[in-house]
Amino acid sequence: MLAGYNYWKGMDKIEYEKTKRQVTEILIRRVEEVIPKISKYIELAILATPLTMERYTGNRDGAAYGWSRNVFFYGSRHMNIQTPIRNLFLASNWTKIGGGVEGVMRSADRAYSLIGKADIHTSSCREYIGICLNAES
Ligand SMILES: Cc1cc2nc3c(=O)[nH]c(=O)nc-3n(C[C@H](O)[C@H](O)[C@H](O)COP(=O)(O)OP(=O)(O)OC[C@H]3O[C@@H](n4cnc5c(N)ncnc54)[C@H](O)[C@@H]3O)c2cc1C
């Protein structure tokens, strides 16, 4: 179930915990429509919100898959696997291939294939930093 970061971020601790319990109840009731009385067998139910994702991963706004992959800005914010710094490569869901486990694995595979090859860093630091600055705007 998708949930907005700002919705959860705006709550105080009491409201946050209460809403988490309510959402947990709603989800369990939904499941019971398919599997009746399943709640009798649930020993532990934990609900994670975008704030939980943020706490565990450090990802801004709890983004689960890194940058949005929508067509409007695909590629414009994604960091290159190659960097201006020799022998520094990035593999992550924030890089050009990344996004989900499979994307991250492919970006790591690409980074691995670049290791040890001379002079493959991007053309200039200025160009690379420009990409990062654009990402912030
Ligand atoms: C709930 C959830 C479900 C998901 N389900 C799927 C799925 O079914 N299929 C799928 O393909 N993808 C799924 N994803 C997405 C996938 O998990 C991520 O895209 C992928 O794990 C990102 O890999 P990463 O290496 O870029 O970052 P991460 O796996 O987030 O690794 C980054 C690591 O860096 C650590 N870190 C952060 N800041 C610092 C710091 N300052 N110093 C030291 N360490 C730091 C973090 O603790 C973390 O361990 C899911 C994500 C979430 C949150």
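**View 1. Helix α2, residues 13-34, reaches 32 Å from its first C-alpha to its last.** This span of its 22 residues is close to the 32 Å expected at 1.5 Å a residue, the expected span being 1.5 Å times one less than the number of residues. Helices (H or I, at least four residues) and strands (E, at least two) are DSSP runs numbered from the N terminus. The structure is a predicted model, in which local features need pLDDT of at least 70, side-chain atom pairs count only at pLDDT 80 or more, and totals for chains, interfaces and linings use all residues. Residues are numbered from 1 along each chain as its sequence is written. Helix α2 is hardly covered, with 0 buried residues; a residue is buried if 20 or more other C-beta atoms, placed from the backbone, lie within 10 Å of its own, exposed if 12 or fewer, and partly exposed in between.

**View 2. The protein as a whole has 5 helices and 0 strands.** Buried residues make up 11% of its 137 residues. The mean pLDDT (the predictor's confidence in each residue, from 0 to 100) is 83, and 81% of the residues reach 70 or more. Confidence is highest in α2, at a mean of 96, and lowest in helix α5 (residues 125-136), at 51.

**View 3. L88 lies in the loop between α3 (50-57) and α4 (100-114).** L88 is exposed because 10 other C-beta atoms lie within 10 Å. Between L88 and L114 the C-alpha to C-alpha distance is 9.8 Å, although 26 residues separate them in sequence.

View 4. G116, which follows α4, has a positive phi, near 90 degrees.

**View 5. The shell around the ligand holds 13 residues, of which G58, S92, N93, G100 and V101 come nearest.** By type, the shell residues comprise 5 nonpolar, 7 polar and 1 charged; Ala, Val, Leu, Ile, Met, Phe, Trp, Tyr, Cys and Pro count as nonpolar, Asp, Glu, Lys and Arg as charged, and the others, Gly among them, as polar. Domain 1 (5-62) and domain 2 (65-137) each supply at least three shell residues, with bounds from an automatic or database domain assignment.

Key:
A residue is near a molecule or strand if its C-beta atom, placed from the backbone, lies within 6 Å of it.
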